Amino acid sequence: MSQQSVNVICVFDTETTQENGPNVGATVYMISDQGPHAAGQGTNELTITVNVGDVITWNLDPLLNFMTVSFTSFVQTSGTGVLSTRQLSSTQWTANCLGSGSVTYHFNLQIANDPNTYSWDPFININP
């Protein structure tokens, strides 16, 4: 099977997050180009299924363009060792799928001029 590229857009409602507190789960909307093959499209609990050798790219966009938001780190909380990740820019992260398994991860985010760090924990299933 050939290598596939999977794109995930993370739309972050920065204004509502700052108004209502750190419940980022209610203010992040993830959309994958996998269409109906990804569970939880448009929610913070997106689960994508990929294969070993695939490349995943996340793009972070604020819901309101005048507010700046940035990825500050990527943390694997389960399934360590199956992804090789790197940050491409403040709003883009990529991962190569090295092995099979289930991965729970979270991104840490920073809103410009806000001392708080925000995060949420979606999922990846990697087939052999």
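Residues are numbered from 1 along each chain as its sequence is written. Because the model is predicted, local features need pLDDT of at least 70, side-chain atom pairs count only at pLDDT 80 or more, and totals for chains, interfaces and linings use all residues.

The chain has an average pLDDT of 91, and 98% of its residues score at least 70; pLDDT is the predictor's confidence in each residue, from 0 to 100. Helices (H or I, at least four residues) and strands (E, at least two) are DSSP runs, numbered from the N terminus.

An open sheet is built from five strands in the order β2-β1-β4-β7-β6, with mixed pairing. Two strands pair if DSSP finds at least two bridges between them. At the edges lie β2 (28–32) and β6 (83–89), each of which pairs on one side only. Strand β1 (residues 5–12) is antiparallel to β2, with five bridges, and isoleucine 9 stands opposite isoleucine 31 in β2.

Strand β8 (residues 101–111) is largely enclosed by the rest of the structure, because eight of its 11 residues are buried, that is, under 20% relative accessible area with a 1.4 Å probe, counting protein chains only. Eight bridges link β8 in antiparallel fashion to strand β5 (residues 69–78), where phenylalanine 74 has phenylalanine 107 of β8 as its bridge partner. Four antiparallel bridges join β8 to strand β10 (residues 123–127). β8 also forms a hairpin with β9, with five residues between them.

How values were computed. Side-chain values use heavy atoms; hydrogens and water are left out. Buried means under 20% relative accessible area, exposed over 50%, partly exposed in between (1.4 Å probe, protein chains only).
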